[in-house]
Each structure stands twice: as C-alpha cells, then as structure tokens.
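Here is a short tour of one model, written for someone who likes to know the cut-offs. Please keep the viewer open as you read.

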Amino acid sequence: MSHDRTRSGFKDRTRVADARERLLAAAAPHGRTETVPLTAADGRAVADATTAPTPVPGYDRAAMDGWAVRAEDTFGASARSPAVLFTEDDEVAPEGAVRVHTGSELPPGADAVVKIEEAERVPRSGTAGSSGEGTDPRDEIGEEVEVFDAVAEGENVGPTGEDVAEGQTLYEPPHRLRPSDLGLLKSVGIDEVEVADRPRVSVIPTGEELVQADPDPGEVIETNGLTVSRLAERWGGDATYRDIVTDDEDALRGAVERDLDHDVVVTTGGSSVGERDLIPEVVDEIGEVLVHGVALKPGHPVALGVVEGTPVVMLPGYPVACIVNAVQFLRPVIREIGSLPHDTHPTRRAILSRKVSSEPGVRTFARVTLDPIDGRGADTDGAGDAARDGDGPAFEATPTRASGSGMLSSVALADGWVVVPESREGLDAGEAVDVDLWEVSE
C-alpha cells in the first residue's frame with residue numbers, strides 16, 4: 001500500500017482480525033530445528049513426532065505392598081478358611097509367596113499380589129527343621145503366609161508398559177514442551193529432543209526523546225523496547241533488544257535493514273501520522289506496509305508491514321497501546337514463524353463492578369483488577385475457571401481509573417483486561433465477562 005503520512009488521522013481503520021490475517025499471510029514457519037538436551041527444552045516446540053523407545057515400566061511391578069503369588073493358589077481363600085502359602089526368597093513356586101513392595105519387580109512365577117493387610121505371616125507348623133528323605137526344602141524357612149482374600153490374575157500388578165507403551169507417540173508438532181513432559185521423556189530413556197528454533201526477534205525502540213536513564217526535561221525513559229523484548233522471549237522468541245534509534249529516516253532505514261536477517265523486526269514508537277512518525281513511510285519505501293491503523297483501543301496507530309520477506313511490526317509509542325498491540329500482533333506472528341501452538345490466554349470469569357464504555361466498530365481492551373467475591377475466588381494468576389460452587393463468577397472485575405494509553409501503571413498494576421468486541425457499545429455494570437490474564441500466558 002502506498003503510504004502518505006500527511007493524511008488527516010486514520011479515516012479507514014482495519015479490524016483486528018483482518019489486520020492479523022494480513023500479517024500472518026506474510027509470515028511462514030522458518031523450518032529451522034535444533035537438537036537440545038532436556039534441560040534446555042522447556043517451552044520449546046517439538047519439531048517431529050516423539051515416540052517412546054522403551055516401555056514404562058519396563059517390567060511387571062507390584063502395585064501394592066504385599067505378597068507376590070500365583071493367583072490360582074489363592075482361589076477360595078477367606079478369613080475363615082485362609083489359603084496357606086510357603087514364604088520364599090526370590091521366585092514364586094506353586095503354593096509359594098514372596099514379599100514385595102510397591103514398585104518392585106514382580107518375581108518370576110508370580111502373576112498377582114496379595115495386599116499386605118489381606119495376609120499374615122505366621123510360624124510354620126509342620127515339619128520345619130526336619131531333614132528326612134523327601135522333605136520339602138521350604139520347610140527350612142520356618143514361616144508361612146495365611147491369605148484371607150483371593151486375588152485374580154494380574155490383580156495389584158502394574159504390567160509392563162502400563163504408563164507408556166513401547167513405540168507410543170508422546171508428542172507431535174506444534175506441542176510446546178512443559179516440565180512434566182520433560183520428566184516423561186526422561187522416563188522412557190530420551191535425553192535430548194529435536195525442537196523448532198526460537199524465532200529471532202529484533203526489537204528497535206525509536207524516538208529522539210528517549211533515554212535509558214536520568215531523563216532531562218522533555219526526555220522519557222525507554223520502557224517499550226525492554227517490555228516488548230521480554231514479552232517476545234516469553235512467547236517463544238529469541239529477542240535482541242537494540243539501542244534507541246532517533247527520528248531520522250536514514251537511521252531508521254539502516255536499523256531495519258541491518259536486522260532483516262531476523263525472523264521478525266519490531267519497532268516501538270513513531271507509528272502514527274505526525275511529523276516525527278517516520279517508520280511506516282520508511283518501511284513502505286524499502287518494502288510494503290500492509291496495514292496502518294487498526295480499529296483497536298488503545299493503540300489504533302499500529303502499522304504492519306513486510307520487507308524482503310521479513311514481517312515488520314510497528315508498535316505505537318504509548319506504553320499501553322504498545323503492549324496491547326504486541327499481544328494482538330507480535331505474539332501470533334512469533335507463534336506462526338516458530339511453529340508454536342496458537343493457544344489462547346487463560347481467563348477468569350468475573351462480574352463487572354461498573355460500566356465500560358466503547359466506541360462502536362472498535363475492539364476495546366479495558367484494564368481491570370480482580371477481587372474475590374465473598375472469599376470464593378482463589379489466586380488470580382492461574383487458568384480461568386467459573387464459580388467453584390456453581391453460583392456464578394467467583395470474581396469482581398473493576399476497571400482501572402486510569403484509562404490513557406500512556407499510563408503504564410494501568411497495565412502493570414492490573415490483573416488483566418476485558419475485551420469489548422466491535423459489535424458492542426460498551427459493557428454494563430453487573431455483566432458477566434471473561435478477563436484475559438494475558439501476562440501469565442506464554
């Protein structure tokens with residue numbers, strides 16, 4: 001699209017879904033993979049189907065503390081008429097029993113386990129200690145086991161492969177590995193895994209007023225680049241946080257072109273239509289601006305483009321607008337390029353404490369805090385749930401008083417945001433809503 005920053009405002013703003021679709025159409029999975037040890041695989045997307053080379057457990061094992069037996073030797077056993085078995089050391093012969101513990105390998109000859117509470121070891125009464133011809137050598141052990149309940153074949157036994165079968169498919173792309181997954185992989189004998197490379201993300205803060213510390217009057221401490229680069233890392237990217245670039249076309253062009261070897265280039269600031277908002281024009285000169293201006297609040301002056309096949313996300317300079325747009329556009333493009341699942345944010349169901357206003361045709365993100373209702377709510381940093389007792393949402397959502405897109409604290413001190421769709425003119429007090437806990441999502 002031909003870009004003209006002299007236009008008055010944004011007369012035509014693209015809907016969020018359409019803008020995201022255009023950006024993702026310009027992106028593609030990079031296809032790069034690497035093999036990493038399990039200790040470095042947390043959060044990485046598997047690059048190929050992962051199967052179990054060995055079963056877990058690798059042997060039949062006792063599922064209870066007790067006695068390993070042949071099931072047929074316990075048939076008819078009861079409290080009044082117990083089955084009497086010989087104690088043995090390591091192999092179960094007919095009418096024999098071996099003491100086992102939970103998880104221990106089932107001894108040869110056994111096919112069931114009698115629970116410890118269903119049996120009793122007693123001194124052997126018979127010919128213990130005798131040495132005449134034909135004496136059963138088990139008499140020398142001097143003890144026997146009375147079994148008070150019959151067991152069936154396989155009872156209280158964990159068979160080979162009960163947890164994981166040999167050759168079982170465990171994970172397929174684009175599954176993102178979790179700590180529990182790593183434990184499972186290790187249990188089947190896997191110590192390294194092939195994963196998709198993390199997308200390389202260049203984050204370039206722009207603005208002649210920005211400094212990293214000790215601002216003079218008229219200067220502003222740079223926060224957007226730091227925030228966005230850390231979000232990119234959390235979302236599965238490998239972020240490079242660049243130095244500040246001033247509002248100069250040549251400097252901006254050089255910064256973008258320098259990083260075209262990255263999978264995504266992100267700029268913060270200078271994305272609107274003012275005299276110092278130069279980055280959309282620069283991108284359009286060396287590539288193509290796909291979208292400039294989105295029906296989203298806060299943060300409609302976002303621009304999306306592509307240069308030599310590299311997606312460029314141009315985020316607004318106001319901190320809240322920058323974060324909102326990063327969540328809506330940078331996160332999905334990182335997921336797409338890195339072959340990561342396009343999962344949704346965890347949510348909490350809540351009741352609005354007061355009205356939220358919204359412009360028709362614009363998707364609005366209202367920052368809210370969450371408070372438990374009558375002590376029913378629990379921690380607010382987990383996945384969403386409705387009421388725990390079936391009586392409705394367990395939280396009350398209160399819109400923050402600060403609504404400006406430059407108020408970073410209104411995001412940092414909020415628990416999440418409520419999305420007002422384009423089709424609504426606000427939300428009413430008392431309405432049940434879903435609160436996106438976007439910052440606890442990965």
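## Around Val193

Setting aside neighbours within four places in sequence, Val193 is in contact (heavy atoms within 4.5 Å) with Glu34, Thr35, Val36, Leu38, Ala41, Val46, Thr50 and Leu177. Leu38 lies 155 residues away in sequence, yet the two C-alpha atoms are 6.7 Å apart. Val193 sits in strand S12, residues 192–196; strands (E, at least two residues) and helices (H or I, at least four) are DSSP runs numbered from the N terminus. Val193 counts as buried because its relative accessibility is 4%, the limit being under 20% relative accessible area with a 1.4 Å probe and protein chains only.

## About the model

This is a predicted model, in which local features need pLDDT of at least 70 and side-chain atom pairs pLDDT 80 or more, while totals for chains, interfaces and linings use all residues. Residues are numbered from 1 along each chain as its sequence is written, and side-chain values use heavy atoms, leaving out hydrogens and water.

## The open sheet

Six strands build an open sheet with mixed pairing, in the order S7-S4-S6-S5-S9-S8; two strands pair if DSSP finds at least two bridges between them. Strands S7 (112–115) and S8 (119–123) stand at the edges with a single partner strand each, so one side of each has no neighbour in the sheet.

Inside the order, S5 (residues 83–88) and S6 (residues 96–100) run parallel and are joined by three bridges. Glu88 has Val98 of S6 as its bridge partner.

Terms used
Buried < 20%, exposed > 50% of the residue type's maximum accessible area, 1.4 Å probe, protein only.
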